[in-house]
Amino acid sequence: MDQLEGWLGASGLEQVEPGVVVLLVAAGLAAGFIDAVVGGGGLLQLPVVLMVPGISPVQALATNKMGSVFGTATSALTFYRRTSPDLRTALPMAGVALAGSFGGAALAASLPEEVFRPIILAALVAVLLFTVAQPTVGQLTELRHSGARHYGTAMVIGTVIGFYDGVMGPGTGSFLVIAMITLLGYSFLAASAKAKIVNLATNVGALLFFFGHGSVLWGLGLLLGLSNMVGGYLGARTAVARGNRFIRVVFLSVVSLLILKLGVDVLRGA
């Protein structure tokens, strides 16, 4: 406990081996890039944070969120400047997602992840099968609804996925993208741009709880944050330049890896 309390000082990195620092930077860069394109960067980043000696699962989740806030803020701003997403949908979604994420984080502090893993695994398999079976889905923006029904659906998506992000997190961006494509009718690029704004809010919501909980390791979080910022900027620029086809390929790859990881966790009973 004394060791962890020492990490809350100026740098927070005095007790971390140089090799782990290198891994954290690399994971932050890769996670920021993947999150900017389709989400799911936590699949890489969180396991590396858990490698820090003496860190608890709640501290790892909290510190991971702090790093992700920097990356999602950078990618959201980059997407906004280059694609001008419709804020009339994104901002209400972000507001309810922030509240949902705060509530999910409060639950995560007391409820084991094992309760949710089989449900999330089944949902990811369904998402993968649907996307593979529908090769043209997400190529164009063709809104499913208009008016109050559109915004109501968007806010339900934001609340549910925001809650999930607070409880577990990995795959949040991917769930947001596929929900906006299938339920709202956006293209991959338009969905990714809005997902970054909503994902930023879910990260902030969870982080607000973890600040009060005293679980954030500041030095590690800032190190991850700087790495995420670089990765997020590069990922957002690449996604805008390469377009829907590129985003779809990355999306399928990330969802497949999430399924593999969660499947192994469920089989092991981890």
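Which helix gives the most to the nonpolar patch? That would be helix α10 (residues 218-242), with three residues. Helices here are DSSP runs (H or I, at least four residues), numbered from the N terminus. The patch sits on the surface and is formed by L29, V230, Y233 and L234, with about 330 Å² of accessible area together. To join such a patch, residues need over 30% relative accessible area and no salt bridge, and nonpolar side chains (Val, Leu, Ile, Met, Phe, Trp, Tyr) are joined within 5 Å. The areas themselves come from the Shrake-Rupley method with a 1.4 Å probe, and for residues only the protein chains shown count as cover.

A quick word on the ground rules. This is a predicted model, where local features need pLDDT of at least 70 and side-chain atom pairs count only at pLDDT 80 or more, while totals for chains, interfaces and linings use all residues. Residues are numbered from 1 along each chain as its sequence is written, and side-chain values use heavy atoms, with hydrogens and water left out.

Back to helix α10, which holds both L234 and G235. L234 has a relative accessible area of 43%, so it counts as partly exposed; the scale runs from buried (under 20% relative accessible area) through partly exposed (in between) to exposed (over 50%), using a 1.4 Å probe and protein chains only. G235 comes in at 0% relative accessibility and therefore counts as buried. G235 and D35 are 200 residues apart in sequence, yet their C-alpha atoms are 7.7 Å apart in space. L121 belongs to helix α6 (residues 117-133) and is buried, because its relative accessible area is 17%.

Next come the charged pairs. Side chains of opposite charge can pair when their charged atoms come close. A search of the whole structure turns up two salt bridges, each being a side-chain nitrogen of Lys or Arg within 4 Å of a carboxyl oxygen of Asp or Glu. One of them joins the side chains of D165 and K65 (2.5 Å, N to O). This pair links distant parts of the chain, with D165 in helix α7 (residues 147-167) and K65 in helix α4, 100 residues apart. Both D165 and K65 are buried. The side chains of R88 and D86 also meet in a salt bridge (3.1 Å, N to O). R88 counts as exposed because its relative accessibility is 60%, whereas D86 is at 24% and so counts as partly exposed.

K65 and D165 turn up again at the largest cavity: along with G42, S68 and G169, they lie nearest its centre, among 19 lining residues. A cavity is a set of points on a 1 Å grid over the protein atoms alone where a 1.4 Å probe fits but cannot get out, and lining residues have an atom within 4 Å of a point. The structure holds one cavity of 30 Å³ or more, and about 150 Å³ of space lies in the largest cavity. Volume here is the space filled by probe spheres set on the points. Helices α3 (42-49), α4 (57-83), α8 (172-184) and α9 (188-213) each supply at least two lining residues, and α4 gives the most, with five. The lining divides into four nonpolar, 12 polar and three charged residues; Asp, Glu, Lys and Arg count as charged, Ala, Val, Leu, Ile, Met, Phe, Trp, Tyr, Cys and Pro as nonpolar, and the others, Gly among them, as polar.

How values were computed
On a 1 Å grid over the protein atoms alone, a cavity is a set of points where a 1.4 Å probe fits but cannot get out, and a pocket is an open set with protein on both sides within 12 Å along at least five of seven lines; lining residues have an atom within 4 Å of a point. Patches are made of residues with over 30% relative accessible area and no salt bridge: like charges are joined within 9 Å, nonpolar side chains (Val, Leu, Ile, Met, Phe, Trp, Tyr) within 5 Å.
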